Amino acid sequence: MKVILQQDVKGHGKKGQMVEVSDGYARNFLLPRKLAVEASAENINTMKMQDKARRAREAEERAAAVELSGRLKDCPVKIVAKAGQGGRLFGSVTSKEISEGLKEQYNIDINKTKIVQSEPIKAFGGYEVKCKLGYEITGTIRVMVEEG
């Protein structure tokens, strides 16, 4: 029997896939637990429409990520920090501070978990920090740490 999976089913497939399973497995396990629906013409058409909408949404999100990556190149973030002797900071500049700086200075909202620091920023100066924007698209944020 052909069914369309409504959720991921281990060993059979992922959500939205049409799979062939035995009649008993479909009738006694998948259908009562609402893990799948029978592959009727109407359900197949609904599945195709949802797949098309998902692809369009992903393309739109990818385009937005590319556009955001381009905007980040022109947005150096200035962060003011206190330091001790020798120009070393008390603590370090965190991805949360970088995210908040982008929001305040340029109204660009990037989650702090998407900002990847290769090494902690512990001194004054200019740094480049990578930012994962999704769909394997990365941007570069220029961070200027200044004395406050």
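This is a predicted model: local features need pLDDT of at least 70, side-chain atom pairs count only at pLDDT 80 or more; totals for chains, interfaces and linings use all residues.
Residues are numbered from 1 along each chain as its sequence is written, and side-chain values use heavy atoms, with hydrogens and water left out.

Reader: How much space lies in the largest pocket?
Author: On a 1 Å grid over the protein atoms alone, a pocket is an open set of points where a 1.4 Å probe fits, with protein on both sides within 12 Å along at least five of seven lines. Grid points are joined across faces, edges and corners, and the volume is the space filled by probe spheres set on the points. For the largest pocket that space is about 300 Å³.

Reader: Which element supplies the largest share of the lining of the largest pocket?
Author: Lining residues have an atom within 4 Å of a point, and helices (H or I, at least four residues) and strands (E, at least two) are DSSP runs numbered from the N terminus. Strand 1 (2-5) and helix 2 (41-72) each supply at least two residues of this lining. The largest share, six residues, comes from helix 2.

Reader: How many charged residues does the lining of the largest pocket have?
Author: Asp, Glu, Lys and Arg count as charged, Ala, Val, Leu, Ile, Met, Phe, Trp, Tyr, Cys and Pro as nonpolar, and the others, Gly among them, as polar. The lining includes Lys15, Lys48, Asp51, Arg54 and Arg57. By class, the lining has three nonpolar and three polar residues, and the charged residues number five.

Reader: What is the distance between the closest N and O atoms of Arg54 and Asp51?
Author: A salt bridge is a side-chain nitrogen of Lys or Arg within 4 Å of a carboxyl oxygen of Asp or Glu. Arg54 and Asp51 are three residues apart in helix 2, so about one helical turn separates them. In the salt bridge of Arg54 with Asp51, the closest N and O atoms are apart by 2.3 Å.

Reader: Which residues do salt bridges that share partners join into one network?
Author: Asp51 also meets Arg55 in a salt bridge (2.4 Å, N to O), and these two lie four residues apart in helix 2. The side chains of Glu58 and Arg54 meet in another salt bridge (3.3 Å, N to O). Through shared partners, the network joins Asp51, Arg54, Arg55 and Glu58.
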